[in-house]
Amino acid sequence: CSCSPFRLIDSVQGRADEVVHLPAASGGSLAIHPIVFRRVLNALPSSGWELVREDDRLSISISGITPEIGDDRIIDPIVAALREQGAVAPPIYVERVDAVHRGETGKAPLIRSRAKGQSA
């Protein structure tokens, strides 16, 4: 509404706890914003997904995706997106599940971490 003196935002693009830290191709560590993963994973014909950062890999749980879509159609675009950001992609594992894990509140966290020493 033009009558409002306040600006409105379209949407919030991730929380700080969803930032994934990966090795940078140039050395050191690189923070990968959750939108990098969301662009790729939301484009898939699935009913839900969750990415988990573990110490030595990324694990993707994905539901509602047809068997004709091979793991390479999930993994390759993520690896390409991470390279564009200047990151070294760790091994990526895909698990097809009936439903994505939900927390105590009933929400399905899209990105979370089990890695030691980082939030996502």
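Analyst: In helix H1, the buried residues are Pro34, Val36, Phe37, Arg38, Val40 and Leu41. This comes from a predicted model. An α-helix has 3.6 residues a turn, so residues three or four places apart point the same way. The buried residues of H1 pack against several elements: strands S1 (20-23) and S2 (29-32), strands S3 and S4, helix H2, and strand S6.

Of these partners, helix H2 can be described in some detail. H1 covers residues 34-42 and H2 covers residues 72-84, and their axes come within 10 Å and cross at roughly 150 degrees. An angle over 145 degrees counts as roughly antiparallel, so H1 is roughly antiparallel to H2. The crossing of H1 with H2 is right-handed. On the H1 side, the residues that meet H2 are Val36, Phe37, Val40 and Leu41. On the H2 side, they are Ile74, Pro77, Ile78, Ala81 and Leu82. By type, the residues of this contact are nine nonpolar, with no polar and no charged ones. Val36, Phe37, Val40 and Leu41 are also on the list of buried residues in H1.

The protein has two helices and six strands. Along the sequence they follow the pattern β-β-α-β-β-α-β-β. Of the 120 residues in the protein, 37% are buried. Among contacts with a separation of 6 or more, 58% are between residues 24 or more positions apart.

Glu50 lies in strand S3, which spans residues 48-53. Its relative accessibility is 2%, so Glu50 counts as buried, the cut-off being under 20%. The side chain of Glu50 makes a polar contact of 2.5 Å with the side chain of Arg112. Glu50 and Ser61 are 11 residues apart along the chain, and their C-alpha atoms are separated by 5.2 Å.

Ser59 is in strand S4, residues 58-63. Because its relative accessibility is 15%, Ser59 also counts as buried. Setting aside residues up to four places away in sequence, Ser59 touches Glu50, Leu51, Val52, Glu54 and Tyr93. The side chain of Ser59 is also joined to that of Arg57 by a polar contact of 3.5 Å.

The C-alpha atoms of His101 and Glu50 are 7.7 Å apart in space, while the two residues are 51 residues apart in sequence. His101 is in the loop between S5 and S6. At 43% relative accessibility, His101 counts as partly exposed. Lys107 also has its place in the loop between strand S5 (92-97) and strand S6 (111-113). With a relative accessible area of 59%, Lys107 is exposed, since the cut-off for that class is over 50%. Leaving aside neighbours within four places in sequence, Lys107 is in contact with His101 and Arg102.

Methods: Residues numbered from 1 in each chain as written. Predicted model: local features only at pLDDT ≥ 70, side-chain atom pairs only at ≥ 80, totals over all residues. Heavy atoms only, no water. Helix = DSSP H or I, 4+ residues; strand = E, 2+ residues; numbered from the N terminus. Buried < 20%, exposed > 50% of the residue type's maximum accessible area, 1.4 Å probe, protein only. Polar contact = N/O pair within 3.5 Å; in protein donor to acceptor, adjacent residues only side chain to side chain. Contact = heavy atoms within 4.5 Å. Axes fitted to C-alpha atoms, helices over the stretch in contact; angles between N-to-C directions. Parallel < 35°, antiparallel > 145°, perpendicular 65-115°, else oblique. Left-handed = near helix turned anticlockwise from the far one by under 90°. Nonpolar A, V, L, I, M, F, W, Y, C, P; charged D, E, K, R; others polar.
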